[in-house]
Amino acid sequence: MTITELPRNAADPAPAASPPTVVSQTPERVSDAPEKVSGAARGVSRPDKRKTIKPTRDRLMTALSLVAAFGGTLVGVIGFAMSYSTLAKVALSWGFSQELAPWFPVGVDASIIAFLALDLYLIRKNTPWPLLRMAAHAMTGATIWFNASSQGQIASDPVKAASHGVMPVLFVIGVEAARRLIIQKARLEAGTVTDRIPMHRWILSPVATPRFYRRMRLHNVTSYPEMIRRQQELIAYEQWLKRKYKGDIAKASEDELLPMKMASYGYTVAQALAMPDDQERAAQERKAEAERRRLEAETRSEVAKAKAEAERLRAKGEVDLVQAEVEGQTGQARAHARAQVSAAERAAELELQALDSAVVAEARAREAEADRLEAEERKAAAAADLAKAELERQAAEQRRAAAEADKVAAAEAGAIETERIAQARKAAAAADLDAAELERQAAQKRKEAAEADRVAAAEAQAVETQAVAEARKAAAEADRAAAETRRAAAEADRKKAEEDRLREAALADIARSRKEVAEAERAAAETRQVAAEIERRAVEAEDAAKLSPRERAVRKVARMILTRAVGVAGNLPLADIQRVLEVSPGTASEYRQEAAELLASGYRP
């Protein structure tokens with residue numbers, strides 16, 4: 001590796017337990033120190049040796065555990081037995097009764113056992129309570145004091161007092177050892193065991209070791225070799241920078257100085273050097289997430305608008321439908337009312353026609369009566385004519401008889417012929433007078449009958465003319481009412497047909513609007529699906545190609561040109577690029593230019 005190349009700084013998966021010594025090698029190999037240390041650690045052929053001694057070590061640990069458990073139990077039992085007899089005697093000397101004195105040591109020693117057992121149980125459950133331990137130690141101290149003071153003044157014979165108080169101390173030491181073992185086992189299971197700094201480091205480096213210890217605790221580094229490795233990497237990186245810039249580390253860029261700046265915050269060299277890329281990647285992810293949320297918000301807004309428009313059209317259609325139904329019901333009610341009026345008018349017309357028929361019948365009856373009277377008058381005239389004819393016949397008979405008489409008289413007597421002829425002529429003249437009077441009377445009767453016929457005919461004609469006029473007027477009125485009724489019925493039918501047509505049109509509009517809304521929603525969903533698929537494929541391709549943030553941004557702008565500007569870069573406003581990528585106008589213009597060149601070279605997501 002040349003002096004200008006970046007050193008390796010990735011942590012080994014299994015750091016060596018002993019501190020590496022390759023820092024003092026040539027500068028060209030400084031950055032490879034962790035690798036050599038770990039390599040040396042990996043080069044040791046330990047697996048076979050561990051497999052060989054592990055069963056023996058397990059048996060030894062089991063035996064030691066059994067011995068420790070048995071010895072601790074034995075010490076505890078002996079200590080409590082001695083403490084029991086001593087405290088029982090002390091309780092009697094302190095005024096306890098014979099019944100309560102034996103219970104006093106039981107209460108004291110049982111409290112110690114209960115508090116320590118409960119403390120161990122809570123530690124096992126990762127919920128320690130220091131008060132229990134302090135209470136157990138306080139009761140242990142009280143037991144030691146009681147046992148030591150039971151032999152009189154402690155100062156007068158301290159050895160004798162210590163011999164009575166040492167057994168509870170041994171028991172507490174055994175319990176503390178068990179407590180430490182349980183805590184260590186819990187830390188091992190949780191992976192939070194912290195290595196101790198070797199004593200020789202405190203002795204050999206008394207100034208730097210406290211800072212080293214402080215960084216381990218502050219940054220939660222539990223492995224001492226890991227902390228050594230971090231320190232070595234930082235020193236090696238700093239030396240590499242000095243050699244790169246010929247001793248003037250101030251010439252290094254901000255990104256190159258990050259490992260020194262971030263070391264006090266627990267960052268390794270690799271983490272500090274990767275920080276700009278990580279932050280840029282996080283910023284891109286935040287932008288992508290913001291863009292996704294914006295697109296989702298726009299999609300929800302469009303869907304809400306489409307649903308609102310659909311609801312509005314649906315409500316309008318329902319209102320039109322209800323209005324058409326109301327108008328139809330109103331038209332039906334009006335038609336029904338007009339039909340009732342028409343029926344009433346028709347009934348009145350029929351009644352008027354019946355009345356007209358009665359008038360006509362009465363006129364005809366009067367005409368028939370007139371005809372009857374005329375017939376009777378004609379009959380009377382005929383009878384008069386018959387009587388006249390009879391009178392003329394009689395006159396003719398009389399004239400014939402007179403002529404016969406004249407002939408007879410002329411034949412029988414000539415003298416009296418003249419008298420008889422005169423009498424006959426006188427009789428004939430009288431008969432002629434009577435005939436003429438009868439003829440005059442008959443003529444007068446015929447004249448009166450003709451006058452009566454004329455008057456009756458005139459009256460009948462007048463009555464018939466008035467009745468006919470009234471009948472014609474009533475018929476015309478009835479025809480007009482019938483025509484009005486038919487016109488109203490036709491108007492009602494037309495309105496009903498118009499209402500049916502409007503209802504069908506409203507239903508057709510509702511169905512069409514629903515279809516349009518569904519089609520719009522489907523098209524929007526397909527568009528979003530296609531855009532999401534294109535974006536997903538583009539992101540996967542960019543991830544696979546491991547593009548830089550700028551290249552990702554340029555491809556994002558290229559996709560925006562394809563989807564929003566129909567493939568023409570000039571049609572995409574810079575404001576859209578600034579808003580989506582959160583960059584300055586100059587950067588947005590550069591992105592658009594590079595995106596146009598990328599599209600011209602054949603890029604398609």
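I started at Glu 519, which is partly exposed at 39% relative accessible area (buried is under 20%, exposed over 50%, partly exposed in between; 1.4 Å probe, protein chains only). This is a predicted model; local features need pLDDT of at least 70, side-chain atom pairs pLDDT 80 or more, and totals for chains, interfaces and linings use all residues. Residues are numbered from 1 along each chain as its sequence is written, and side-chain values use heavy atoms, without hydrogens and water.

I looked up the partner of Glu 519. Arg 522 meets Glu 519 in a salt bridge, 2.1 Å from N to O (a side-chain nitrogen of Lys or Arg within 4 Å of a carboxyl oxygen of Asp or Glu). The two sit three residues apart in helix α11, so about one helical turn separates them (helices are DSSP runs of H or I, at least four residues, numbered from the N terminus). Arg 522 is partly exposed, also with 39%.

I checked Arg 494 next. Its salt bridge goes to Glu 491, with the closest N and O atoms 2.3 Å apart. Both lie in α11 (residues 415-545), three residues apart. Arg 494 has 47% relative accessible area; Glu 491 has 27%.

I then took Glu 533 and Arg 537. Their side chains meet at 3.6 Å, N to O, in a salt bridge. They are four residues apart in α11, about one turn. Glu 533 is partly exposed at 30%, and Arg 537 at 38%. Elsewhere, I noted one network in which salt bridges with shared partners join Glu 289, Arg 292, Arg 293, Glu 296 and Arg 300. I logged 22 salt bridges for the structure.
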